[in-house]
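I opened my notebook to follow a few residues through a fold. Here is what I looked up, one entry at a time.

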Amino acid sequence: MKTSKQLFTEITSKGKLEITLKELDVPTPKPHEVVVRIEATPINPSDMWPMFGPANLAEASYDANSKTLSAPVHESMLMRIKSRLDQVLPIGNEGAGTVVAAGESPAAQSLLGKTVGVLSGATYSEYCCVPIQACLLHNEGTTAAQAASSFVNPLTALGMVETMRMEGHTALVHTAAASSLGIMLNKICIAEGVPLVNIVRKQEQADILEKLGAKYICNSSSDSFKADLYKAIDETGATLAFDAIGGGTLVSDILTAMEMSGSKDATGFNTYGSATNKQVYIYGGLDFSPSILNRAYGMTWGIGGWLLMRFLAKLTPEKIGALHKRVANEISTTFASEFTEEITLEQVMDPAIIAKYNAKKTGEKYLVNPNKG
Ligand SMILES: NC(=O)c1ccc[n+]([C@@H]2O[C@H](COP(=O)([O-])OP(=O)(O)OC[C@H]3O[C@@H](n4cnc5c(N)ncnc54)[C@H](OP(=O)(O)O)[C@@H]3O)[C@@H](O)[C@H]2O)c1
């Protein structure tokens, strides 16, 4: 365990993306650090922007000798990513594995040999040296593959329900709802009796959620979508939505349905719409096209961004500890993740495999095992 193979990304100011496999020394852990052998790390949508930025992956090529993937980045895109240009950056938000070395503090020592989830931003690596606060300790018997997605999707799904309560709403709307995260959110909402309106774009996705027991599912490809959405929002009283898509008119459609429901009993002149706040958080960018707003929802609404790390910063360490414990206890039920295929660090750079995982299709998530082979 003297050295560790690790993936890095760089976009140069000349307009070239390079993802490279490098070999680095594994650091000696400081008193409150541990070294984790990463055995399973997912490729989530949130990993792909740091990995590739706006590179044209249709023109990507892989050089097996230098273990480097290259792709062009159009000049017009470089200003958008100025803050990262010419920097060699680690990739991989989260992962899991075994603690193989620990600093001298009792807390670090107690993790030796245990399976932990890790949130580090550098998990596409054979070994990761992290502070113990970046670890989520799993129960005996949990495998690294089960623990691979311990943070990003589980804590975001839990964070949505927490946000709903903290901001005084009583029901939720969620888009791209058959995503891995959407499945977790359904399980949480069903268990806790929180009404959830699921928006999907295909019948197969509606079928997945129906099997889980979801009550409200609206298919945006259906002719009756807007009427279905209004009915579901009116029945649940949802005034908060989390949107993973971003582009197009969906955010506006949701706010319109919320307003129609909120002012359905209004009488007389109703210039400014219902007084109840209607809020949409855009928390993903599955569609990079502009968000189109028709503003047909009065004057009491908000649209904002939502990011897990910034939400967690609002919670006490005790609350975060309780969320971690719940994830550990329910990692093979509520927070179970399914993976299409396990791949190596080299395969992460294979253009044919990139085309598959970068499509971000329902039920097609890839798991990297940096120690495979
Ligand atoms: N803000 C945060 O802190 C945070 C944290 C965690 C996750 N996220 C976001 O959460 C979202 C879901 O992540 P995940 O890991 O659960 O994803 P996932 O399992 O890979 O699923 C992606 C889903 O999105 C759908 N989709 C893709 N492109 C779409 C589009 N243009 N319009 C509508 N649906 C589309 C796919 O359906 P098809 O099969 O129809 O393509 C699929 O159901 C991502 O956007 C991710 O970035 C954000």
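**Entry 1: Asp-47.** I found Asp-47 in helix 1, residues 45-52 (helices are DSSP runs of H or I with at least four residues, and strands are E runs of at least two, numbered from the N terminus). This is a predicted model, where local features need pLDDT of at least 70, side-chain atom pairs count only at pLDDT 80 or more, and totals for chains, interfaces and linings use all residues. Residues are numbered from 1 along each chain as its sequence is written, and side-chain values use heavy atoms, without hydrogens and water.

Is Asp-47 buried or exposed? Asp-47 is buried (under 20% relative accessible area, with a 1.4 Å probe and protein chains only). I also looked for a salt bridge (a side-chain nitrogen of Lys or Arg within 4 Å of a carboxyl oxygen of Asp or Glu). Asp-47 has none, and Lys-365, the nearest side chain of opposite charge, is 7.3 Å away. Instead I noted that the Asp-47 side chain reaches the backbone nitrogen of Asn-93 at 2.8 Å.

**Entry 2: helix 5.** I saw that the buried residues of helix 5 include Leu-181 and Leu-185. After helix 5 comes Gly-193, with a positive phi near 70 degrees.

Methods
Buried < 20%, exposed > 50% of the residue type's maximum accessible area, 1.4 Å probe, protein only. Lys, Arg positive; Asp, Glu negative; His and termini not counted. Polar contact = N/O pair within 3.5 Å; in protein donor to acceptor, adjacent residues only side chain to side chain.
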